[in-house]
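Hi,

Here is the structure I promised to pass on. Have a look at it first, and my notes follow below.

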Amino acid sequence: FDKITIFPQAAGAVYSVIINDLQRYLIRGSYIGLIDIGFKTTDYIVFMVDEKLVLREDMSGTIDMGMSSLNNAIDKIFTRKTGSKLEVTELMKLVKDEQIFFRGNKLNFSKEIALVKSEISRVIKDRLKTVWGSKLDFFNTVFLAGGGAKELKAFISDIHSNTILTRNSQFANAEGFLKVAQLEEKREKRVG
């Protein structure tokens, strides 16, 4: 590598969304937040809008909870109900489909899955409300990204009146980092 740029993990997703509609999101004095729900962790990042985006490190961080928490909880519920353990592929299919064919019967876990998703979302929102505090009233938008964003959207979007699921949420960070790299490359060509 001839050049390395260090960038906060969840920031890529913010850039991937706002870069195409800067006027909508870059309102001076406002804040932009992003919740990146991954498999093991949930990252959150906040930018204050001034002349440019200013990272608020004190309002950004990681919560040790993600979609693996859902899988673990449903695995325990399945074992408690049936006395059997699931292999990972069946567990992931159960979480996705909310039902499974087992021992000649179709077992429905939609209620249990909804309760677990609700609880995971509650824990994440409680933590964010503690960290973001009254500044949440000044947020323009809270974006949802990551592999778990689509799964938890219905349970977590009430954290702010303008909560938006990023397009292609699972890859939003990668797309944002690509855009930032392309902009940096163009800038260097103009300067050099």
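One of the residues I looked at is S68, which has 8% relative accessibility and therefore counts as buried, the cut-off being under 20%. Keep in mind that this is a predicted model. S68 sits in helix α3, which covers residues 67-82. Leaving out neighbours within four places in sequence, its contacts are F39 and K40.

Next, I63. This residue belongs to strand β4, residues 61-63. Its relative accessibility is 6%, so I63 is buried too. If you skip residues up to four places away in sequence, I63 touches T41, T42, Y44, I124, R127 and L128. I also checked I63 against I37: they are 26 residues apart in sequence, and their C-alpha atoms are 9.3 Å apart in space.

Then there is a helix pair to look at. Two packed helices are described by the angle between their axes and the distance between the axes. For helix α5 (residues 110-132) and helix α6 (residues 149-156), the angle is about 75 degrees and the axes are 9 Å apart. That angle makes α5 roughly perpendicular to α6.

Which residues in α5 and α6 meet? On the α5 side they are A114, K117, S118, I120, S121, I124 and K125, and on the α6 side E151, L152, F155 and I156. Sorted by type, the residues of this contact come out as six nonpolar, two polar and three charged.

Cheers

Definitions and conventions. Residues are numbered from 1 along each chain as its sequence is written. This is a predicted model: local features need pLDDT of at least 70, side-chain atom pairs count only at pLDDT 80 or more; totals for chains, interfaces and linings use all residues. Side-chain values use heavy atoms; hydrogens and water are left out. Axes are lines fitted to C-alpha atoms, for helices over the stretch in contact, and angles run from 0 to 180 degrees between N-to-C directions. Helices (H or I, at least four residues) and strands (E, at least two) are DSSP runs, numbered from the N terminus. Angles under 35 degrees count as roughly parallel, over 145 as roughly antiparallel, 65 to 115 as roughly perpendicular and the rest as oblique. Contact means heavy atoms within 4.5 Å. Ala, Val, Leu, Ile, Met, Phe, Trp, Tyr, Cys and Pro count as nonpolar, Asp, Glu, Lys and Arg as charged, and the others, Gly among them, as polar. Buried means under 20% relative accessible area, exposed over 50%, partly exposed in between (1.4 Å probe, protein chains only).
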